[in-house]
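The entries follow in the order in which I looked things up.

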Amino acid sequence: MKKIAVIGSGTMGNGIAHVFAQNNFEVNLIDISADALDRAISTISNNLDRLIKKEKIDEAVKNKTLQNITTFTKLEEGVADVGLVIEAATENVDIKLSIFKDIDKAAPKEAILATNTSSISITKIGAVTSRPEKVIGMHFMNPVPMMKLVEVINGYLTLKETTETVVSLSEQIGKIPLPANDYPGFVANRILMPMINEAILSLQNGVAGVNEIDGIMKLGMAHPMGPLQLADFIGLDVCLSIMRVLQDGLGDDKYAPAPLLVNMVTAGHLGAKSGYGFYDWKEGNNKNLVVAKQFI
């Protein structure tokens, strides 16, 4: 299995395409927007240039990586001859279910269908296909080229052979695959998101400020990034969506999203991608962030 398809060319999709292509897989990168595909190839090229500057790869590896990627705007063409499809579209259950119905019709019957979802039920996604035994989660971490983990999530009907194949493929691209079962939030977000939500509640209730909350977790718990900065980096809308999945799936009020989080998303303050969240990402940068004015 040396040819795969990646659906969605955003941050996660282009990162997944990058790591597979750099490890000598042929990659069909699919998006409905030709402009988005152009931006994705530009991002991959720039990321490869950074690796060249760090002397981790050479120019020949960069050129071969880019040659391994073919772009498509039509899903049925992009998945027609691949052994693995990885969906990396928006974290929206209706969108993902619609995409998987289309993939199931167009991809070879022996192909494995994977999703990069961070919280949506693999069993639910598999149920809209004719091959739930070949549907699995491959939850990559951001930034994909740098982060080693792939959380491999088994749906209720996922076959052991499917899991073994995905684990092997993950290892072939230099990742460390760790399997989990299909429960709300899986492992990563079932633990991470309540911590982020509690940090937001602590800010909301006046326990401490942004710098103090993030600083305590970095200095005291050895976290490389504080929970509020991490929330901005992930996207506050994504954090809210995952908290709602946890609350609905586990039926426990302890997973209720903080009112401050709800208000910020409603106001369009989504973190780094909107330029404003707990930090002002327009004035600051990843190394020297400025706390957003409403929190100073």
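I began with P143, which I located in the loop between β6 (135-140) and β7 (149-154). The model is a predicted one, and in it the peptide bond that joins N142 and P143 is cis, with omega at about 0°.

N24, a residue other than glycine, has a positive phi near 70°, and I found N24 in the loop between α1 (11-22) and β2 (26-30). F186 is not a glycine either, yet its phi is positive at about 55°; this residue lies in the loop between β8 (176-181) and α8 (188-204).

Next I looked up how the chain is divided. The domain assignment gives domain 1 as residues 3-181 and domain 2 as residues 189-290. I then consulted the UniProt record, an unreviewed entry, which annotates residues 3-182 as "domain: 3-hydroxyacyl-CoA dehydrogenase NAD binding". For that span I noted 43% helix and 22% strand, with the end C-alpha atoms 27 Å apart. The unreviewed UniProt entry also annotates residues 185-281, as "domain: 3-hydroxyacyl-CoA dehydrogenase C-terminal". Here the span is 62% helix and 2% strand, and its end C-alpha atoms lie 28 Å apart.

How far apart do the C-alpha centres of domain 1 and domain 2 lie? I read off 27 Å between the C-alpha centres of the two, and the contact between them takes 5 residues from domain 1 and 5 residues from domain 2.

What area is buried between domain 1 and domain 2, and what part of it do carbon and sulfur atoms give? The computed area is about 450 Å², and carbon and sulfur atoms give 53% of it. On the side of domain 1 that touches domain 2, I listed the residues by class and found no nonpolar ones, 4 polar and 1 charged.

My last entry concerns specific pairings across this contact. I found 0 salt bridges between domain 1 and domain 2, whereas the count of residue pairs in polar contact between the two, with both residues at pLDDT 80 or more, is 1.

Terms used: Residues are numbered from 1 along each chain as its sequence is written. This is a predicted model: local features need pLDDT of at least 70, side-chain atom pairs count only at pLDDT 80 or more; totals for chains, interfaces and linings use all residues. Side-chain values use heavy atoms; hydrogens and water are left out. Domain bounds come from an automatic or database domain assignment. Contact means heavy atoms within 4.5 Å. Buried area is the accessible area (1.4 Å probe) that two parts lose on being put together, summed over both. A salt bridge is a side-chain nitrogen of Lys or Arg within 4 Å of a carboxyl oxygen of Asp or Glu. A polar contact is a pair of N or O atoms within 3.5 Å; within protein, one must be able to donate a hydrogen and the other to accept it, and residues adjacent in sequence count only if both atoms are side-chain atoms. Ala, Val, Leu, Ile, Met, Phe, Trp, Tyr, Cys and Pro count as nonpolar, Asp, Glu, Lys and Arg as charged, and the others, Gly among them, as polar. UniProt positions are given in the numbering used here, feature names are shortened, and annotations may be inferred rather than shown by experiment. Helices (H or I, at least four residues) and strands (E, at least two) are DSSP runs, numbered from the N terminus.
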